[in-house]
Amino acid sequence: MAYHSFLLEPISCHAWNKDRTQIALCPNNHEVHIYKKDGTQWNRIHELKEHNGQVTGIDWATESNRIVTCGADRNAYVWTLKEGTWKPTLVILRINRAARCVKWSPKENKFAVGSGSRLISICYFEQENDWWVCKHIKKPIRSTILSLDWHPNNVLLAAGCCDFKCRVFSAYIKEVEEKPGPTPWGSKMPFGEMLFESSESGAADQTVAGAGGWVHGVCFSHSGNRLAWTSHDSTVSVAEGGKTSTVNSLRSETLPLLCVTFITENSIVAAGHDCYPVLFVYDGAKASLTFGGKLDVPKQAAQKGISARERFQNLDRRASETQSTEKDLNTLHKNSISQISVLEGGRNKCAKFCTTGMDGGMGIWDVKSLASAMKDLKIV
Amino acid sequence: MYSFISGDISQVAGRICCSKNKQKKREQHSQDLTLTTVINPPAILHCILNPPCTGNLMEALQAVLKNPPINTKNQNVKERAEGLVLKVLSAFKSSDIEKGVQSLDKNGVDLLMKYIYKGFERPSENSSAVLLLWHEKALAAGGVGSIVRVLTARKTV
């Protein structure tokens, strides 16, 4: 596990380049900084200043080497590297509230922006006018879109929203792509069609959870057949395409989780306000989701002896005899983790993943060493 | 005696929910009648507080947590339910609280947390102490997540 502290401010969002030598992140202000790895050091090589409001989302298109950023100033910019500097192109999103999250599609010919104006903007490049054009998905979204994720077929888009639901929409743009084949989520996919919506927690049926809070993070699995999302009521849910009734939620015992990703087809890693990543295992046959374990640096060995004077001092100050407070300081991150991204191996066989948080630090986690360090951790 | 509890609350809740379409006055009257005649507080209290009845307290807990008035907007029903739950919780001995919590499943623990916080809202002489004991055990079973679910729940008990 490697941990690097970039700043003292929270890192709002980050994105990696193709060979994972450069990271673009927003240090909680209007700029985007790109850091390059030199041995063990991280040096800032570029500063992208164009936004007038906080940059809320960054995504790096690895194949075409373009960065898209979106901000609280209701704009999005597509940056291309020309002669060693990044040049921005404005994209008019036609939204009247801040943009919240942005994601390139898998084929990188379009991107989606979620915003506070209760709609998703799907933007694609129109060759004739040399301009980025956007289309809106509005119905039936009732509140801010907090998170987005594309399905591997480049057409379906999952959106987590503040109206307590997670939905799958079709973002099929006929100008840039062919008609997609049928998927377990549906076969007719005109633009803006909603193919799946997570249901409200049932009235008499208390066993259906996962609908009581804002949906913070969504993630498709590698095959696209499974969708996982985390919600503000401390639940994690997984839905399988085609089987609308099997939404399996796990009420976790931790604080709400903010971000989630699949690391294999059956294992999910999520992290959030508890400052450590957590593993969940989904069993497709039994359709059940179970808690796999807490992934973090192992606790330090017992502290050295405390003198009598210290004991009384602690009693006076903290009403407890020991020096350390039980909570929290044993984790790698010292504040909530806000974003998690897969570094190596894809969502199928992830070998490394990276987390950034409100403590301005970035942690790189190695799956193999985690599995060997925690004996009863099973990553299926 | 305890079939009283398991049968009646579901009946009462059902009756209240079905009578949503009737006139408010009739609803109020019928609901008062059913609650007072059917539930019969003194008899239950008498049985709960007598030592030989402690074996049935687990059942009482399960029964009183069944069919919570989550969907009804009627404040009276909610208050009566809360009152009943509080009575059952207070009747437990401190050493039995942990066993009581263990006998509940995850949904039950979440529901118990909701009632505990509802009970905190209106403290009476002894209720806070009892509720705090229950809170400690329920927290050990449900974790911080159960409290988060109380805070984010849109339909309160």
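In this predicted model, strand 7 and strand 8 of chain A form a hairpin with 4 residues between them, and Arg74(A), which sits in the turn, has a positive phi of about 70°.

How many of the 6 residues of strand 7 of chain A are buried? The count is 6 of the 6 for this strand, residues 66-71, so strand 7 is largely enclosed by the rest of the structure. In a regular strand, side chains alternate between the two faces of the sheet. For strand 7 of chain A both faces are covered: Arg66(A), Val68(A) and Cys70(A) are buried on one side, and Ile67(A), Thr69(A) and Gly71(A) are buried on the other.

Most residues other than glycine have a negative phi, and most peptide bonds are trans. Arg94(A) is not a glycine, yet has a positive phi of about 55°. This arginine, Arg94(A), lies in the loop between strand 9 (85-91) and strand 10 (99-104) of chain A, and Arg94(A) is exposed, with a relative accessible area of 54%. Arg118(A), likewise not a glycine, has a positive phi of about 60°. Its place is in the loop between strand 11 (110-115) and strand 12 (120-126) of chain A, where Arg118(A) is partly exposed at a relative accessible area of 44%. A cis peptide bond, with omega about -10°, joins Lys139(A) and Pro140(A); Pro140(A) belongs to the loop between strand 13 (131-137) and strand 14 (145-150) of chain A.

Further along chain A, Asn248(A) is found in strand 21 (residues 247-251). Is Asn248(A) buried or exposed? Its relative accessible area is 13%, so Asn248(A) is buried. Apart from neighbours within four places in sequence, Asn248(A) is in contact with Val236(A), Ser237(A), Val238(A), Tyr282(A), Ala287(A) and Leu289(A). Between Asn248(A) and Gly361(A) there are 113 residues of sequence separation and a C-alpha to C-alpha distance of 33 Å.

Turning to chain B, the axes of helix 5 (residues 75-91) and helix 8 (residues 127-152) come within 10 Å and cross at roughly 75°. That makes helix 5 of chain B roughly perpendicular to helix 8 of chain B. The contact brings Leu86(B), Leu89(B) and Ser90(B) of helix 5 together with Ser127(B), Val130(B), Leu131(B) and Trp134(B) of helix 8. By class, this contact has 5 nonpolar, 2 polar and no charged residues.

Helix 4 (residues 57-64) of chain B has Leu57(B), Ala60(B), Leu61(B), Ala63(B) and Val64(B) as its buried residues. Seen down the axis of helix 4 of chain B, these buried residues fall within an arc of 165°, so they line one face of the helix.

Note on methods
Residues are numbered from 1 along each chain as its sequence is written. Chains are lettered from A and ligands numbered from 1 in the order in which they are written. This is a predicted model: local features need pLDDT of at least 70, side-chain atom pairs count only at pLDDT 80 or more; totals for chains, interfaces and linings use all residues. Side-chain values use heavy atoms; hydrogens and water are left out. Axes are lines fitted to C-alpha atoms, for helices over the stretch in contact, and angles run from 0 to 180 degrees between N-to-C directions. Helices (H or I, at least four residues) and strands (E, at least two) are DSSP runs, numbered from the N terminus. Angles under 35 degrees count as roughly parallel, over 145 as roughly antiparallel, 65 to 115 as roughly perpendicular and the rest as oblique. Contact means heavy atoms within 4.5 Å. Ala, Val, Leu, Ile, Met, Phe, Trp, Tyr, Cys and Pro count as nonpolar, Asp, Glu, Lys and Arg as charged, and the others, Gly among them, as polar. Buried means under 20% relative accessible area, exposed over 50%, partly exposed in between (1.4 Å probe, protein chains only). The arc is that of the directions from the helix axis to the C-beta atoms. Two strands pair if DSSP finds at least two bridges between them.
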